[in-house]
Structures are given as C-alpha cells and as structure tokens.
Amino acid sequence: EDAPFWLVETRKRVMGSAFCSDKQLATFLGRPPRISWRFCDITLPLDLSFDDIIAEPEVRDRAISKLDADGWNTENNDTQAVWLRAYLIMGPVRESILELSLNQQGKNLPAKIK
C-alpha cells in the first residue's frame with residue numbers, strides 16, 4: 001500500500017505482459033500455459049502513457065482525471081496500455097480455448113464447450 005504510484009502501475013504492466021506472453025507462447029507451441037488465470041490476481045493497468053505514470057503528481061493526476069470509471073482514456077489516445085488491457089481481458093478466454101483444444105479426452109467436446 002505504501003508503494004509509489006509509478007511502481008504499482010509498472011508492476012501491473014510487467015505482470016500483465018508476462019501473463020499475455022505466456023498465453024501467446026502456449027498457443028504457438030501447443031502447450032499448456034504456465035501462468036493460470038485461476039491463480040492470478042491480474043489487475044488492469046490504467047490506460048496512461050508511460051510519461052504520465054512517471055510525471056509529477058499534478059500532471060499525473062490531470063491525466064488520471066481524463067480516464068473513465070473503468071480506467072480507459074476518454075480522449076482516444078492509443079497508448080500501449082490499451083493493447084495490454086485488451087489482451088488481459090481476453091486472457092482467460094484464450095486460456096479456456098487452449099484448455100479445450102489441448103484436452104486429451106475428446107469425448108463430449110460439444111458439451112464441454114457449452
């Protein structure tokens with residue numbers, strides 16, 4: 001709780017990047033993912049540029065005030081965080097699809113998909 005804002009946001013981005021890379025590698029290699037969404041507390045990073053994250057508190061707070069209630073920017077700025085947030089939202093879905101496709105028990109696959 002006492003960590004500086006820039007460190008909290010950087011940790012979210014690093015963990016999010018590792019989580020997304022894990023899903024991409026698992027998909028590419030046809031192997032189970034190593035980081036399961038069931039055991040992770042993935043918090044979406046705020047949709048801010050890196051410059052806003054490390055900026056002085058006044059500048060940072062002004063940038064944060066331009067975010068909506070869910071942490072998305074309202075000015076249509078295309079930051080790296082936009083893509084990371086989108087990949088993180090889709091991560092559990094992608095992992096579920098991987099789980100179904102890598103399942104060795106092909107019986108009742110339509111029922112499992114439902």
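Is Ser 36 buried or exposed? Ser 36 counts as buried, because its relative accessibility is 17% (buried is under 20% relative accessible area, exposed is over 50%, and partly exposed is in between, using a 1.4 Å probe and protein chains only). Keep in mind that this is a predicted model, where local features need pLDDT of at least 70 and side-chain atom pairs count only at pLDDT 80 or more, while totals for chains, interfaces and linings use all residues. Residues are numbered from 1 along each chain as its sequence is written, and side-chain values use heavy atoms, with hydrogens and water left out.

**Around Ser 36**

- Ser 36 sits in the loop that runs between α1 (5-29) and α2 (50-53); helices are DSSP runs of H or I with at least four residues, numbered from the N terminus.
- Setting aside neighbours within four places in sequence, Ser 36 touches Phe 19 and Glu 95 (contact means heavy atoms within 4.5 Å).

**Salt bridges**

- Searching the whole structure turns up six salt bridges, each defined as a side-chain nitrogen of Lys or Arg within 4 Å of a carboxyl oxygen of Asp or Glu.
- One of them pairs Asp 22 with Lys 23, with the closest N and O atoms 2.7 Å apart, and both of these residues are buried.
- Another joins Glu 99 to Arg 38, and here the closest N and O atoms are 3.2 Å apart.
- Because Glu 99 lies in helix α4 and Arg 38 in the loop between α1 and α2, this pair ties together parts that are 61 residues apart in sequence.
- Glu 99 counts as partly exposed at 44% relative accessibility, and Arg 38 is partly exposed too, at 46%.
- Arg 60 and Asp 61 also form a salt bridge, with 3.7 Å between the closest N and O atoms.
- In that pair, Arg 60 is buried at 19% relative accessible area, whereas Asp 61 is partly exposed at 42%.

**Asn 73**

- You'll find Asn 73 in the loop between α3 (57-65) and α4, and Asn 73 is buried because its relative accessible area is 15%.
- Leaving out neighbours within four places in sequence, Asn 73 has contacts with Asp 47, Lys 66, Leu 67 and Val 82.
- The side chain of Asn 73 makes a polar contact with the side chain of Asp 47 at 2.8 Å; a polar contact is a pair of N or O atoms within 3.5 Å, where within protein one must be able to donate a hydrogen and the other to accept it, and residues adjacent in sequence count only if both atoms are side-chain atoms.
- That Asn 73 side chain also reaches the backbone nitrogen of Glu 75, at 3.3 Å.

**Cysteines**

- There are zero disulfides in the whole structure, a disulfide being a pair of cysteine sulfur atoms within 2.5 Å.
- Cys 20 is buried at 8% relative accessible area, while Cys 40 counts as partly exposed at 23%.

**Ile 97**

- Ile 97 has its place in helix α4 (residues 80-102) and counts as exposed, because its relative accessibility is 53%.

Technical notes
Helices (H or I, at least four residues) and strands (E, at least two) are DSSP runs, numbered from the N terminus.
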